[in-house]
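Biologist: Got the model open. Can we start with the pocket and then go through the rest?

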Amino acid sequence: MASVHQIDKKAVFLHPSGPGDGKRTPPSQTGDRIFGALVRIAGLFVLALLGAIILMLFIGGLPAFRAFGLEFLVSSAWNPPHNVYGALVAIYGTIITSVIALVIAVPIAFGIAVYLTELAPQWLRRPVGIAIELLAAVPSIIYGMWGFFIIVPFMTKIQPSIISFFGSLADAEENVAVLGPVTGWLADRFAGPAYGNGILTASLILALMIVPFIAATMRDVFATVPGIFKESAYGLGCTTWEVVRSVVVPYTRVSVVGGIMLGLGRALGETMAVTFVIGNTNRIATSIFGPGNTIASLVALQFPESNPGGLQFSSLFALGFILFVISFIVLATSRFLMRSRSAGAARA
């Protein structure tokens, strides 16, 4: 009887469809086809949505591009009563506030990430990590209101001292061949009336907004460094700074660049927080204390007042298209840097 059971089991194994005619029935491909179609639709939907946004912005801004041509990009005029518009002031404000914010935010985010992964006690890492994530979830308008009621009065108090310091430094070095031009340039960058709002104030708000994104990214990628690498460095007598500089940063530099570019992308498109504190003046300020405009703040302020179909309406669409192009250039540059660094690491 045992041999009969064994034969039956072999028969069932060889013919899973049953002891019928012995032909194997292929599994149904309907589920795989449906699943493949759904994920393909999801991928194509992203491309279609992106293309629709680009097309909408370009078509909406086409009358402005036709009316002003390339001069639209280099003109600082923005005069609705005379229907004369230019994008230079908004482009300048967008780039300069984002760059200053990045210069401020990256060292702070780096310090937070290093502290959480290398120095903080275990019981403190989770609360600080949660606080970072909560800061990233704060709406931008809250940052704007906080900046308007807290940062602007604070800047009003400290700006006169900064202006006086750089002004006196320039006067003291005015006869020095080397330092005179440098201190004079710095004095011009930190000059002007102490209103509290302006480019530097907007940059500070942007820096506070993008610090959580960059810090969270750096913390996560720093945590992926194999422990044996760091332990080996510590075993050789390296300090914490030497381990971070020679082991952690080289191992994670590609992802760090990606996190920084993520923060820059957030800074470029920020609207309400900047609108509260930048001053909303359509002129290029030589001083970082001076008021200005960004593309997002200008669109947010004037879009409700513009006449649909008018030249101002089209110019705002054109500004939106330019902001999209700037964001695309930043993303493409970051991808290029990440790919080149990855290739260099692979060759090494």
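Biologist: Which helix gives the most to the lining of the largest pocket?

Modeller: H13, with eight residues. This is a predicted model, by the way. H10 also supplies at least two residues of that lining.

Biologist: Which residues lie nearest the centre of that pocket?

Modeller: Met261, Ser327, Val330, Leu331 and Ser334, out of twelve lining residues.

Biologist: And what is the lining like by class?

Modeller: Seven nonpolar, four polar and one charged. The space in the pocket is about 200 Å³.

Biologist: Switching to the core. How many residues are in the largest nonpolar core?

Modeller: The count is 68. Phe72, Ile214, Phe222, Ile295 and Leu319 have the most contacts inside it. Helices that each supply at least two of its residues include H2 (30–68), H4 (88–119), H6 (140–172) and H13 (311–347). H8 gives the most to this core, with 15 residues.

Biologist: What is Phe72 in contact with, leaving aside its neighbours within four places in sequence?

Modeller: Phe65, Tyr85, Gly86, Ala87, Leu88, Ser315, Ala318, Leu319 and Ile322. Leu319 is also among the residues with the most contacts inside the core.

Biologist: Now the whole chain. How many helices and strands?

Modeller: There are 13 helices and two strands. Of the 348 residues, 35% are buried.

Biologist: What share of the contacts with a separation of 6 or more comes from residues 24 or more positions apart?

Modeller: That share is 75%.

Biologist: And the accessible surface, what does it come to?

Modeller: About 20000 Å², with 70% of it belonging to carbon and sulfur atoms.

Methods:
Residues are numbered from 1 along each chain as its sequence is written. This is a predicted model: local features need pLDDT of at least 70, side-chain atom pairs count only at pLDDT 80 or more; totals for chains, interfaces and linings use all residues. Side-chain values use heavy atoms; hydrogens and water are left out. A nonpolar core is a set of buried Ala, Val, Leu, Ile, Met, Phe, Trp, Tyr and Cys residues joined through side-chain atoms within 4.5 Å. Buried means under 20% relative accessible area, exposed over 50%, partly exposed in between (1.4 Å probe, protein chains only). Helices (H or I, at least four residues) and strands (E, at least two) are DSSP runs, numbered from the N terminus. Contact means heavy atoms within 4.5 Å. On a 1 Å grid over the protein atoms alone, a cavity is a set of points where a 1.4 Å probe fits but cannot get out, and a pocket is an open set with protein on both sides within 12 Å along at least five of seven lines; lining residues have an atom within 4 Å of a point. Grid points are joined across faces, edges and corners, and a volume is the space filled by probe spheres set on the points. Ala, Val, Leu, Ile, Met, Phe, Trp, Tyr, Cys and Pro count as nonpolar, Asp, Glu, Lys and Arg as charged, and the others, Gly among them, as polar. Accessible areas come from the Shrake-Rupley method with a 1.4 Å probe; for residues, only the protein chains shown count as cover.
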